[in-house]
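Please keep the sequence and the 3D view open while reading.

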Number of protein chains: 2
Amino acid sequence: MDDAEAPPERTRRRPATKPHAAGVKAVAAAAGVSLGTVSNVLNRPEVVSPLTRAKVEAAMASLGFVRNESARQLRAGSSRILAYLMLDAGNPFFTDVAKGVEEAAQAAGLSVFLCTSSEDADREAAYLDLLEQQRVQGILITPIDQHSSRLRKLPSRGTPVVVVDRTLDEATHCSVAVNDVLGGELAISHLLELGHERIAYVGGPNTLGQVVDRRDGARRALRTAGKPITDLIELTTGALTVAEGRGAGQRLAGLPADRRPTAAFCANDLLALGLLQQCVSLGLRVPEDLAIVGYDDIEFAEAAAVPLTSVRQPRQLLGRTAAELLLDESSNPDHEHQRVTFTPELVVRTSTRGTV
Amino acid sequence: MDDAEAPPERTRRRPATKPHAAGVKAVAAAAGVSLGTVSNVLNRPEVVSPLTRAKVEAAMASLGFVRNESARQLRAGSSRILAYLMLDAGNPFFTDVAKGVEEAAQAAGLSVFLCTSSEDADREAAYLDLLEQQRVQGILITPIDQHSSRLRKLPSRGTPVVVVDRTLDEATHCSVAVNDVLGGELAISHLLELGHERIAYVGGPNTLGQVVDRRDGARRALRTAGKPITDLIELTTGALTVAEGRGAGQRLAGLPADRRPTAAFCANDLLALGLLQQCVSLGLRVPEDLAIVGYDDIEFAEAAAVPLTSVRQPRQLLGRTAAELLLDESSNPDHEHQRVTFTPELVVRTSTRGTV
DNA sequence: GGCGGTCGATGAAAGGTTTCAAGAAGGTGT
DNA sequence: ACACCTTCTTGAAACCTTTCATCGACCGCC
């Protein structure tokens with residue numbers, strides 16, 4: 001056998017790498033230092049001498065070095081990212097929660113990625129899988145189905161989860177919520193006090209915990225007042241959107257006046273705004289013919305055609321608290337899961353009270 | 001020297017790995033196959049025999065295997081993620097754009113991460129760096145400062161960028177926008193036709209291209225009508241939010257009636273809604289004392305206290321088109337950058353026309 | 001001048017996946 | 001029985017960074 005013959009001739013495999021040229025290696029070569037030193041400049045600048053650091057930084061700038069986060073994360077094992085998987089980005093309630101999350105994350109030096117399930121269980125599942133594979137620091141989620149096994153399993157595999165706007169008995173996560181049953185109760189008590197007898201509950205789908213809890217609160221208020229819960233006329237919607245609210249308004253306005261409810265409590269403000277808009281355009285007077293109570297007290301509730309009575313939730317605080325719990329869980333070794341519940345507050349405006 | 005003495009005794013380094021236990025290696029062992037086969041099951045299931053595949057899948061399930069995306073991406077060099085960095089998640093305009101983006105992304109099998117700069121240049125920069133380091137497939141962005149060098153450099157380093165809701169002359173990206181100058185013109189022409197002479201332009205900050213273009217359109221309409229552009233009373237705001245709109249309303253309502261504008265054109269609907277709300281609550285009648293035109297025609301514009309005349313933009317289409325351009329750029333080798341411009345449309349409602 | 005100590009820089013190993021050339025096993029036709 | 005395919009499976013290399021034990025140089029001090 002002749003050693004000199006047939007050199008290995010390794011065919012160059014091109015792993016579809018983007019033009020992202022320079023890595024630490026190239027920087028090290030350009031700066032005339034070792035790999036480790038470049039890494040130190042990146043991660044522990046204080047241990048490298050000012051002169052060397054300057055050389056390395058110059059090399060980085062001239063080569064256009066961009067750190068490869070995948071490699072960093074693979075080796076270091078930690079991500080500086082936190083995700084909030086929300087139900088519906090079009091609902092200002094959730095974007096306000098997100099604002100709170102970002103506030104807390106920024107304070108801790110983390111970044112937030114927002115994802116939206118759009119009330120679609122498959123999308124929710126797909127995002128959960130993706131985020132787990134990405135090994136994000138943690139996931140904040142307002143779930144569609146809080147009993148999903150995927151959700152339960154995540155924490156045991158190392159990805160902390162905090163449930164937002166839902167309370168959960170599971171011992172696997174923290175949760176931060178607002179007492180929705182109480183909120184429903186507040187709304188209906190208010191309407192009962194105003195003398196309403198035929199009251200509608202507009203909300204759906206019933207797979208959403210929020211929808212069910214608020215309805216249960218409504219029923220409880222009726223019971224407390226000594227009325228049968230059958231007095232609550234339920235209009236089920238397919239989602240919590242303005243469009244669905246309009247649809248409900250259509251159905252409601254179509255009822256004969258003597259069977260039509262005199263008040264409607266909507267599972268959120270988007271529904272309430274749609275309902276309001278449709279009813280007004282069909283000639284019903286609000287609140288004289290139909291009083292309306294919304295939920296969330298989003299910024300637009302006050303600016304509506306008829307300023308909307310609504311149940312207010314501490315949106316930003318909700319997000320901030322959730323993020324803080326998540327951070328505690330991933331940094332504090334003796335973290336204990338908590339269930340935080342805030343108290344909602346009724347904000348009365350023209351849509352129920354008429355005159356100011 | 002005695003070979004048997006002092007075994008290396010390598011100290012175990014614990015790279016802070018999360019409990020995420022099982023990797024492909026463990027799965028391979030459990031299933032009695034090789035590493036490569038497990039990888040094949042993951043990436044090219046069709047090449048592995050049904051029997052083997054079943055064994056591997058069973059092993060994955062029982063071990064709770066979660067693929068490490070960092071490692072996958074590091075080796076394979078490609079990400080299945082696309083990011084939309086938006087100006088303000090609280091603005092329904094952008095969440096509608098985002099919806100369009102997700103639609104297109106989902107069709108292509110990609111996932112979308114949403115980020116929000118909140119009109120803060122530092123946050124924008126930080127997110128751009130982060131996304132580049134993550135080596136996302138591409139970035140969609142509604143920029144604060146479209147002349148940022150960071151933005152220009154990204155594509156040359158391998159991360160495609162599409163600018164959304166802004167037109168850009170740079171030869172480095174595609175952009176998808178709506179003709180904002182024309183939009184401003186439409187709004188003001190409408191007001192002039194209605195006989196208004198003292199017109200206010202409410203918007204800011206002037207670093208935002210949208211704000212400037214819409215104002216320029218307004219001025220152009222005045223010129224076309226033979227009026228001096230000084231007729232346009234400018235109220236500069238700090239951001240495009242409801243709260244800033246209220247502030248502007250306060251300022252505006254404070255003017256003596258003979259100097260107060262009879263109409264206001266707002267750079268977006270959030271401002272318009274805030275302005276409307278504040279003016280009404282201070283006793284001005286809309287549109288009799290003050291006509292208002294908004295911009296974007298978000299869903300809440302129609303449901304406002306006084307239904308809002310607004311300039312409509314094809315929001316979802318904007319997002320979808322942008323995402324499609326991005327996908328083309330990253331898959332089609334002879335992609336050419338495009339500038340797509342849509343045409344806005346004036347939607348007249350009560351806030352300018354009074355009676356229906 | 002020798003000793004201990006500090007500060008900085010070094011380079012090999014490790015992290016989990018994908019890739020691909022090459023090998024093994026099984027089947028078919030003559 | 002043999003050559004030739006086809007179909008699956010294999011194992012080592014490569015991706016880029018971080019980590020850490022070790023080494024060299026330099027300083028001050030007895």
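The surface near DNA strand C is made up of 14 nonpolar, 13 polar and 6 charged residues. Here Ala, Val, Leu, Ile, Met, Phe, Trp, Tyr, Cys and Pro count as nonpolar, Asp, Glu, Lys and Arg as charged, and the others, Gly among them, as polar. This is a predicted model, in which local features need pLDDT of at least 70 and side-chain atom pairs count only at pLDDT 80 or more, while totals for chains, interfaces and linings use all residues. Residues are numbered from 1 along each chain as its sequence is written, and chains are lettered from A and ligands numbered from 1 in the order in which they are written.

A residue is near a strand if its C-beta atom, placed from the backbone, lies within 6 Å of it.

Around DNA strand D there are 32 residues, and A:Gly23, A:Ala71, B:Ser34, B:Gly36 and B:Thr52 come nearest. That surface has 12 nonpolar, 13 polar and 7 charged residues. Its largest share, 5 residues, comes from α2(A); helices are DSSP runs (H or I, at least four residues), and strands are runs of E (at least two), numbered from the N terminus.

In chain B, helix α12 (residues 315-331) has 17 residues. Of these, 12 are buried, among them B:Arg315, B:Leu318 and B:Glu329. Buried means that 20 or more other C-beta atoms, placed from the backbone, lie within 10 Å of the residue's own.

Conventions. The expected span of a helix is 1.5 Å times one less than its number of residues.
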